[in-house]
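Subject: A structure for you to look at

Hello,

Here is the structure I promised to pass on to you. Please open it next to this email, and then read on for what I found in it.

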Amino acid sequence: MSSLQARDVTKSFGGLTALSSVSLELRPGEVHGLIGPNGSGKTTLLNLFSGYYRPDAGTVVLDAEDLSGAPVQRRASVGVARTFQKPRLLGTLSVLENAMLGGWRHVDSGFVGTALSSPKVRAEERELRERAQELLHGVGLGPVLARRANLLEHAEQRFLEIARGLAAQPRFMLLDEPAGGLTGAEIGHLGAIIQVMRDCGIGVLLVEHHTDFVFRTCDCVTTLDLGRVIKRGTPQEVRADPEVIRVYLGA
Amino acid sequence: MHMKRAVPVVVGAALITLPWWARDMYQLHLAQLIGAYWVLIAGLNLVVGFSGQLSVGHVGLLAIGAYAFAIITGTQGLHPAVGVACAGGIGALCGLLLGLPSLRLPGFYFAMATLAFALIVSEIILAQGALTGGGVGLPVPGFPAPFDTPQGTYWLILIVGGLITWLTWNVARFMWGRGLIAIRDSVVTAEAVGIPVFRAKLTVFVFSGLTAGVAGALFGSIQSYVTPDTFIFELGLFFFVCIVIGGRGSIVGPFIGTAVLTALPELVAPLAKLGNFFYGLLLLVVVLVVPEGIGRLIEVLLERIRPRKIGSTAIEPDLERLAAAIRRGRA
């Protein structure tokens with residue numbers, strides 16, 4: 001069984017230890033929630049998974065491959081996609097083109113082939129365009145395919161980020177506070193989309209402050225505090241844990 | 001849709017027949033000059049307008065191409081086709097040597113590195129008098145029949161320019177174009193989707209070196225004589241300004257920019273007196289009024305003519321379609 005794992009990772013910035021010996025395993029077809037107060041190390045852990053940081057100790061492993069020292073780009077090519085807390089879209093491109101950008105790893109054509117518009121380039125382009133269109137219709141952006149991305153509303157930007165991630169056909173998807181700024185109805189749609197990803201066998205890591213949403217959506221929840229795991233379990237177990245209630249959920 | 005087909009056909013026909021409707025030899029010469037500049041700018045546009053790397057030193061690569069052509073074809077007496085090919089190859093090689101150390105630098109320092117490169121090329125040309133004629137310069141041969149007349153030379157430049165425009169258009173409209181724009185607007189996004197940022201920047205930079213080298217051969221040939229003063233630094237700035245005024249991420253915009261900025265000061269006498277002041281003023285107006293350039297201005301005007309409905313609709317995911325789309329990719 002393949003899985004994306006952080007094994008005893010430690011990361012400090014200057015004298016501050018952001019994470020100390022944390023492990024987390026993300027399995028295909030599972031939604032794993034990551035919660036905790038501000039400064040507990042959630043974002044640091046996500047950045048270790050996605051390759052923006054290298055662990056001081058411990059490893060990040062996909063199947064048998066050690067990704068700890070590998071560049072960010074390696075994540076995309078082994079099937080780990082992500083979205084950003086603050087959507088990072090290309091404002092001058094259309095919604096469709098933004099989603100197509102996610103499929104970079106499936107395009108083999110080099111610069112020369114592209115410049116000469118070889119049949120292979122055109123075939124890849126057609127295939128990618130179709131896939132991106134289907135994904136965009138799927139997440140509900142069908143009506144705005146041709147719109148410039150800088151004209152999108154907030155929720156549309158978030159959903160476009162997800163479509164771009166899915167265009168890479170990832171095995172694992174890292175979502176960085178995807179519910180931030182969404183309305184109740186939109187959060188409902190987001191939850192449904194995450195369920196579809198899970199049912200299709202994608203492993204989803206959900207870093208989120210919106211705890212109700214996390215408990216409703218996840219199969220397994222990890223709670224961090226001060227760079228350590230204080231509780232891991234099913235949503236029911238975590239929600240009822242006195243330590244989690246004390247440091248994070250409140251009474 | 002009619003407009004979209006009609007415009008390129010009309011423009012293409014006008015360009016091909018230009019030698020017959022140009023009023024005098026001077027206008028034909030201007031058209032040749034615009035074409036030679038465009039060969040360079042079309043390649044540079046991928047570097048500046050698409051991947052967002054601010055090179056102001058391509059005049060150095062133009063000079064290298066022109067001198068390579070003059071030496072190979074003139075001094076050595078080889079066939080001009082060999083001269084053009086070598087000018088392009090040497091331009092690409094110099095692009096590689098310049099790009100390798102400098103493309104890792106952040107924007108401002110990269111621009112400084114290209115500036116330094118242009119200055120160094122100019123000094124080397126002066127210093128290597130035995131090869132380049134030093135301050136006196138070198139005569140540059142023309143092209144053989146059927147390209148030996150002014151009309152023929154114009155058509156040769158048109159063919160080369162058309163070919164290079166087609167190549168850059170392909171790069172822009174497929175995945176590479178999106179990748180380069182990602183590098184320009186959000187490196188973090190580019191890395192996250194797996195784009196090898198440095199390699200992509202280097203690739204288009206080498207390509208721009210190739211087009212600059214070829215442009216140098218054409219440019220030298222229509223000038224018929226080159227000296228180090230032909231390749232003043234302002235010329236490098238001029239190429240850069242054509243792209244900024246034309247608009248980043250566009251091909252039509254920088255082409256219009258090149259044509260207008262080359263022709264206007266020559267055709268309208270009062271503007272010629274203003275010289276660099278005219279370029280400066282135009283740049284200021286564009287940056288302040290239409291910072292996205294002429295290309296975007298055209299897009300906006302087209303949208304005015306045929307407004308798209310921008311309705312706000314609530315997002316309604318189609319979950320079955322989403323599942324099918326995800327599964328289809330995995331099958």
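Please keep in mind that the model is a predicted one.

β8(A) belongs to an open sheet of six strands in chain A, in the order β6-β7-β8-β3-β9-β10, with mixed pairing. Why is one side of β6 and of β10 left without a neighbour in the sheet? β6 (80–82) and β10 (228–233) of chain A stand at the edges, and each has a single partner strand, so there is no neighbour on one side. On average, and ignoring direction, neighbouring strands of this sheet are turned by 20° against each other.

In general, the strands of a sheet pair through backbone hydrogen bonds, either parallel or antiparallel. You can follow β8(A) to each of its partners:

- With β7(A), the strand runs parallel, and five bridges join the two. Here A:Phe172 stands opposite A:Gly203 of β8(A). From β7(A) the chain crosses through α7(A) to β8(A), making a β-α-β crossover that is right-handed.
- With β3(A), the strand also runs parallel, joined by four bridges. A:Leu34 stands opposite A:Val207 in β8(A), and A:Gly33 has A:Leu206 as its bridge partner there.

What does β3(A) pair with besides β8(A)? Strand β3 (residues 31–35) and strand β9 (residues 220–225) of chain A pair in the parallel sense over four bridges. In that pairing A:Leu34 stands opposite A:Thr222, and the bridge partner of A:Gly33 in β9(A) is A:Val221.

Helix α1 (residues 42–50) of chain A touches β3, β6, β7 (172–176), β8 (203–207) and β9 of chain A, and its direction makes about 150° with that of β7(A). Helix α7 (residues 184–199) of chain A touches β3, β7 and β8 of chain A, and its direction makes about 150° with that of β8(A).

**Each chain as a whole**

Chain A has 10 helices and 10 strands. Its C-alpha trace spans about 60 × 40 × 35 Å along its principal axes. A compact globule of 251 residues would have a radius of gyration near 18 Å, and the 19 Å of chain A agrees with that. Of these residues, 50% count as buried. Among the contacts in chain A between residues at least 6 apart in sequence, 67% join residues at least 24 apart.

Chain B has 17 helices and two strands. Its C-alpha trace spans about 75 × 45 × 40 Å along its principal axes. With 331 residues, a compact globule would have a radius of gyration near 20 Å, and chain B, at 22 Å, agrees. Buried residues make up 45% of chain B.

One residue of chain B to find is B:Gly275, in the loop between α14 (269–274) and α15 (276–289) of chain B. Is B:Gly275 buried or exposed? B:Gly275 is exposed, because 11 other C-beta atoms lie within 10 Å, and the cut-off for exposed is 12 or fewer.

**Where the chains touch**

How many residues does each chain give to the contact? Chain B gives 38 residues and chain A gives 48 residues. On the side of chain B, the elements that give two or more residues are α8 (150–173), α9 (175–185), α10 (187–192) and α17 (319–330). α17(B) gives the most, with nine residues. By class, this side of chain B has 20 nonpolar, 10 polar and eight charged residues.

Best wishes

Definitions and conventions:
Residues are numbered from 1 along each chain as its sequence is written. Chains are lettered from A and ligands numbered from 1 in the order in which they are written. This is a predicted model: local features need pLDDT of at least 70, side-chain atom pairs count only at pLDDT 80 or more; totals for chains, interfaces and linings use all residues. The radius of gyration is taken over C-alpha atoms; the globule rule is 2.2 Å times the number of residues to the power 0.38. A residue is buried if 20 or more other C-beta atoms lie within 10 Å of its own, exposed if 12 or fewer, and partly exposed in between; C-beta atoms are placed from the backbone. Two residues are in contact if their C-beta atoms, placed from the backbone, lie within 7 Å. Ala, Val, Leu, Ile, Met, Phe, Trp, Tyr, Cys and Pro count as nonpolar, Asp, Glu, Lys and Arg as charged, and the others, Gly among them, as polar. Two strands pair if DSSP finds at least two bridges between them. Axes are lines fitted to C-alpha atoms, for helices over the stretch in contact, and angles run from 0 to 180 degrees between N-to-C directions. A crossover is right-handed if, with the strands pointing away from the viewer, the path from the first strand over the helix to the second runs clockwise.
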